[in-house]
Amino acid sequence: MPTILPIRHQAPLPLDRLIRRDPPGAEAIEMDVLIVGAGPAGLACAIELARLVKREQERGGDQPDLNIGVLEKAGSLGEHSLSGSVVNPRAFRELFPELEPSDFPFRQPVPGEAVYFMTEGRAQRMPTPPTMHNRGFYTASLCEMVRWLGERAEALGVNLFAGFPADALLIDGTAVRGVRTTASGLDRSGQPGPEYVEPTDLTARITVVAEGTRGALGQAWREWQQVGSPNPQLFALGVKEIWEVARPLDAVIHTLGWPLPNDAFGGSFFYPLGPTQVALGLVVGLDYHDANLDVHELLQRLKLHPLFRRQLEGGQLLEWGAKTIPEGGYYALPTRRSGDGVLFAGDTVGFVDVPSLKGIHYAMQSGMYAARAAFAALKAGDVSAVALAAYDRMIDESYIVGDMRRTRNMRLAFKDGLYVGGVKAGLMTVTGGRFPGGRIAMPEDASTPRTPVAPRAFTPDGRLTFGKLDAVFKSGNATRDTIPSHLRVGRDVTAEVADFYSHVCPAGVYERVGDELRVNAPNCIDCKATDVLGPRWTPREGGSGPKYRSM
Ligand SMILES: Cc1cc2nc3c(=O)[nH]c(=O)nc-3n(C[C@H](O)[C@H](O)[C@H](O)COP(=O)(O)OP(=O)(O)OC[C@H]3O[C@@H](n4cnc5c(N)ncnc54)[C@H](O)[C@@H]3O)c2cc1C
Ligand code: SF4
């Protein structure tokens, strides 16, 4: 069986498209602060900034109104939002000190918790590792949280532009001066069709990039500005489903082990979402070794395990979706998250603590720091890299970096497999992250060689388990069929590589037809796994992709 090295087949990042030196068009819309991405990071930034302005005005200062805009690629807020999710309410409390937790858009308090080690037929209860405790937290839907935050932002006068993906950063010298949006209405060959709308330029004194996991703009900026990190960023793919069930789940459940092979890092989550719904998902590190590993299929197998089956049987699949998670941790954080006229917040930077599977409150908190740094810079009339470096200092001194430092080598320990990794992770917890000392070096995911292990046939039953096309239907994806492909396929894609891509993609975008790769681009649900291991993802027409309701 041939071994595949994914990086050998990847197209380079299209820097010429993502970083644009040509001046903004004459019709450019001018903003003071432009935020890319209406996720928890972007919306917390917008709300905090609008409040800082209001507070200053109420104090009687001569603070003028600020024109704050948020661009979102989803057709409406929340439609591209997907998380577990168990939320640490810390950032919500700081952003809305006047509200009670019962006012927040959460589904329910965490009722109890359990961790299991799984084999194919059994589930062995384990003590909950300290990093996985969720007492005092809440289960929630990220779509609902985002819509709620959006309403608060709008009430404060923030301009929300849903359905407008940022296609490129507009630059002038070393400074970011705003963004260009994608065109819409292009035909399959990329030519303007009858519904064509040309791109719009939006200029801003400060651009805050909060585009989420594996962001194209963030990658391009770091490559252009040569901003590195001690380790490359690592990613996991999470595939998630929401089910309507007959009886409530009484605990937040995590599992390790089966159906994952021992040399893959990951696990499952099973969360109650009120009396009649549950969320479940499987998260797998993208440095796995088996070229046939398929996260969607593994999730389908997982549901046949008695632990899941007895809860789901007789229920109904409501929604399906997938997204990557940046999980390189502390050593994968870029050395700079600010530059001339620009700040980066949330998942695009990698503010996720993997052992606790938490990112939402870090994303919000980093958005709030970005707002504070932007406000101070605008007041001082200096939006240079030197002025905006105040943001990096706030982040470095915050609990975001403090938490990530404590678990700095934990994900990295699992490159030696589940058992060795488990022992090392235990020692790291006991020593507060000091064991083993130094940094465990990691290659990027695409540099891990893949060898196919003989696949075991799996046929979905259409009741408890589903194929990829049914799953994509449940994501609400209704992307126009005639859209040009936004996926850039690289070099020498052999039949084996085509097979590998077909397993990587949870949405059935890639198919091997004979010895060729077929790309069904409209199926794409923007999970970005492809960008990590295969063809490059680029922004496409606004409103394309999934239409999640309660992910
Ligand atoms: C399966 C899974 C389970 C998770 N479980 C948990 C959990 O239980 N608890 C927890 O705290 N965290 C969890 N996380 C992590 C958490 O969801 C993220 O850390 C968090 O959503 C990051 O927020 P963000 O605002 O940075 O990015 P996002 O939430 O991804 O928001 C980014 C937004 O930017 C938009 N966007 C992207 N590119 C563009 C563009 N070019 N133009 C315009 N808009 C754009 C996207 O559509 C999106 O709306 C989980 C993640 C996954 C995938
Ligand atoms: S093609 Fe789209 S859905 Fe498939 S892996 Fe890539 S980003 Fe995810």
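How many nonpolar, polar and charged residues does the shell around ligand 1 have? By class, there are 17 nonpolar, 11 polar and 6 charged residues in that shell. Here Ala, Val, Leu, Ile, Met, Phe, Trp, Tyr, Cys and Pro count as nonpolar, Asp, Glu, Lys and Arg as charged, and the others, Gly among them, as polar.

A quick word on ground rules. This is a predicted model, where local features need pLDDT of at least 70 and side-chain atom pairs count only at pLDDT 80 or more, while totals for chains, interfaces and linings use all residues. Residues are numbered from 1 along each chain as its sequence is written, chains are lettered from A and ligands numbered from 1 in the order in which they are written, and side-chain values use heavy atoms, with hydrogens and water left out.

**Around the ligand**

Ligand 1 is surrounded by 34 residues, where being near takes a heavy atom within 4 Å. The closest are Glu72, Ser83, Val86, Ala166 and Asp347. At least two shell residues each come from helix H2 (40-58), strand S3 (68-72), strand S19 (316-326) and helix H8 (360-380). S19 gives the most, with 3 residues. Those element names are DSSP runs numbered from the N terminus: helices are H or I with at least four residues, strands E with at least two.

| Protein side | Ligand 1 atom | Distance |
|---|---|---|
| Lys323, side-chain N or O | oxygen | 3.1 Å |
| Leu357, polar backbone atom | nitrogen | 3.2 Å |
| Gly359, backbone N or O | oxygen | 2.9 Å |

On its own, ligand 1 has 1,000 Å² of accessible area, and the protein covers 98% of that. Accessible areas come from the Shrake-Rupley method with a 1.4 Å probe.

Leu357 sits in the loop between strand S21 (342-344) and H8, and is partly exposed at 30% relative accessible area. On this scale buried means under 20%, exposed over 50%, and partly exposed in between, with a 1.4 Å probe and protein chains only.

**Two enclosed elements**

Strand S16 (residues 252-257) has 5 of its 6 residues buried, so it is largely enclosed by the rest of the structure. S16 runs parallel to strand S6 (residues 113-118), joined by 6 bridges, with Met118 partnering Gly257. On the antiparallel side, 3 bridges link S16 to strand S17 (residues 266-272), and Thr255 stands opposite Ser268 there. Pairing needs at least two DSSP bridges between the strands.

Helix H14 (residues 495-504) is also largely enclosed, because 8 of its 10 residues are buried. Among them are Phe500, Tyr501 and His503. The buried residues of H14 pack (heavy atoms within 4.5 Å) against several elements, including strand S15 (235-244), helix H6 (295-302) and helix H13 (468-474).

Most residues other than glycine have a negative phi, and most peptide bonds are trans. Asp526 has a positive phi of about 60° without being a glycine. Asp526 is in the loop between S24 and H15 and is buried, with 8% relative accessible area.

Which bonds are cis? One joins Gly84 to Ser85, with omega near -5°, and Ser85 is in the loop between S3 and strand S4 (86-87). Another joins Trp258 and Pro259, with omega about 10°; Pro259 lies in the loop between S16 and S17.

Notes
Polar contact = N/O pair within 3.5 Å; in protein donor to acceptor, adjacent residues only side chain to side chain.
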